[in-house]
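The following note sets out points on the fold, the cores and the helix packing of the model shown below.

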Amino acid sequence: MVDANRFWSHAAPASNGCLEWAGATFGPGGYGAAWDGERTRGAHRVAYELTHGPIPDGLLVRHACDNRRCVKPEHLSVGTYADNARDCTERARKATGHHSPLAKLTDDQVAEIRALYATGKWTQRELGRRFSVTQARVWQIVHDRVRTAPSVRGVEFRPVGEATS
Ligand SMILES: [Zn+2]
């Protein structure tokens, strides 16, 4: 059995409104790790059980706050793996301000891609991963095939630097 008093003594209110687990975690940035008397479990799962009751089989305890160390009962709910995956995708989208791998890059990002590629330290594939675009898109960008001025859009440019890439 979990000793509830002992469990909650490891949780501390955080300025973001969460109640954060101050004990061990499952790795850096991981979930809180709590001893339930028999084994080490996710602190958020133990917190959920202490306050809401047993977690139904096969379900996850999810964080409304997206803070893995949070054990605040009000921030926890049960859901499926599919719920969790969908949430992660949506959060990632909001966090970056961009929408999908096909999202338009900003002018700054295009400039950054060109600058990084010009250093010779990055492959097009690596840049694609970093900016969430395809390698083909990076090729276009470093060869100046996209983002031409509207008046010349559609004109086929001779790729720049082709001989060296
Ligand atoms: Zn929280």
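**Notes on the predicted model**

1. D66 is not a glycine either, and its phi is positive, near 65°. D66 is located in the loop between β5 (60–63) and β6 (76–79). With 13 other C-beta atoms within 10 Å, D66 is partly exposed. A positive phi, near 60°, is also found at D144, which follows α6.

2. On the overall arrangement, the chain contains 6 helices and 6 strands. Their order along the sequence is α-β-β-β-β-α-β-β-α-α-α-α. The chain has 165 residues, of which 19% count as buried. Where contacts between residues at least 6 apart in sequence are considered, 35% of them link residues at least 24 apart.

3. The largest nonpolar core comprises 14 residues, and L19, A43, A47 and V71 are those with the most contacts inside it. At least two residues of this core come from each of β2 (19–21) and α2 (43–52). The largest share, 4 residues, is supplied by α2. There is also a second, separate core of 8 residues, with I113, F131, V133 and I141 among them.

4. Which residues does A47 contact, once its neighbours within four places in sequence are left aside? They are V71, P73 and L76. P73 belongs to the loop between β5 and β6, and its own contacts, under the same exclusion of neighbours within four places, are A47, T51 and H52. The C-alpha atoms of P73 and L50 are 8.8 Å apart, although 23 residues separate the two along the chain. P73 itself counts as partly exposed, because it has 14 C-beta neighbours inside 10 Å.

5. Residues up to four places away in sequence not being counted, H44 touches Y31, G32, V61, H63, C70, V71 and L76.

6. Two of the residues touched by H44, namely V61 and H63, form the covered face of β5. The uncovered face of β5 consists of L60 and R62. β5 pairs with β6 in the antiparallel sense, over 4 bridges. R62 has S77 in β6 as its bridge partner.

7. In helix α6 (residues 135–142), the buried residues are R137, V138, I141 and V142. They span an arc of only 130° around the axis and therefore lie on the same side of α6. An α-helix has 3.6 residues a turn, so residues three or four places apart point the same way. The buried residues of α6 pack against α4 (107–119) and α5 (124–131).

8. How are α4 and α6 oriented relative to each other? Their packing angle is about 85°, and their axes are 9 Å apart. Angles from 65 to 115 degrees count as roughly perpendicular, and α4 and α6 are therefore roughly perpendicular to each other. The residues that meet are V110, I113, R114 and Y117 in α4, and V138, I141 and V142 in α6. Of these, I113 and I141 are included in the second core of 8 residues.

Terms used:
Residues are numbered from 1 along each chain as its sequence is written. This is a predicted model: local features need pLDDT of at least 70, side-chain atom pairs count only at pLDDT 80 or more; totals for chains, interfaces and linings use all residues. A residue is buried if 20 or more other C-beta atoms lie within 10 Å of its own, exposed if 12 or fewer, and partly exposed in between; C-beta atoms are placed from the backbone. The arc is that of the directions from the helix axis to the C-beta atoms. Two residues are in contact if their C-beta atoms, placed from the backbone, lie within 7 Å. A nonpolar core is a set of buried Ala, Val, Leu, Ile, Met, Phe, Trp, Tyr and Cys residues joined through C-beta atoms within 7 Å. Two strands pair if DSSP finds at least two bridges between them. Axes are lines fitted to C-alpha atoms, for helices over the stretch in contact, and angles run from 0 to 180 degrees between N-to-C directions. Angles under 35 degrees count as roughly parallel, over 145 as roughly antiparallel, 65 to 115 as roughly perpendicular and the rest as oblique.
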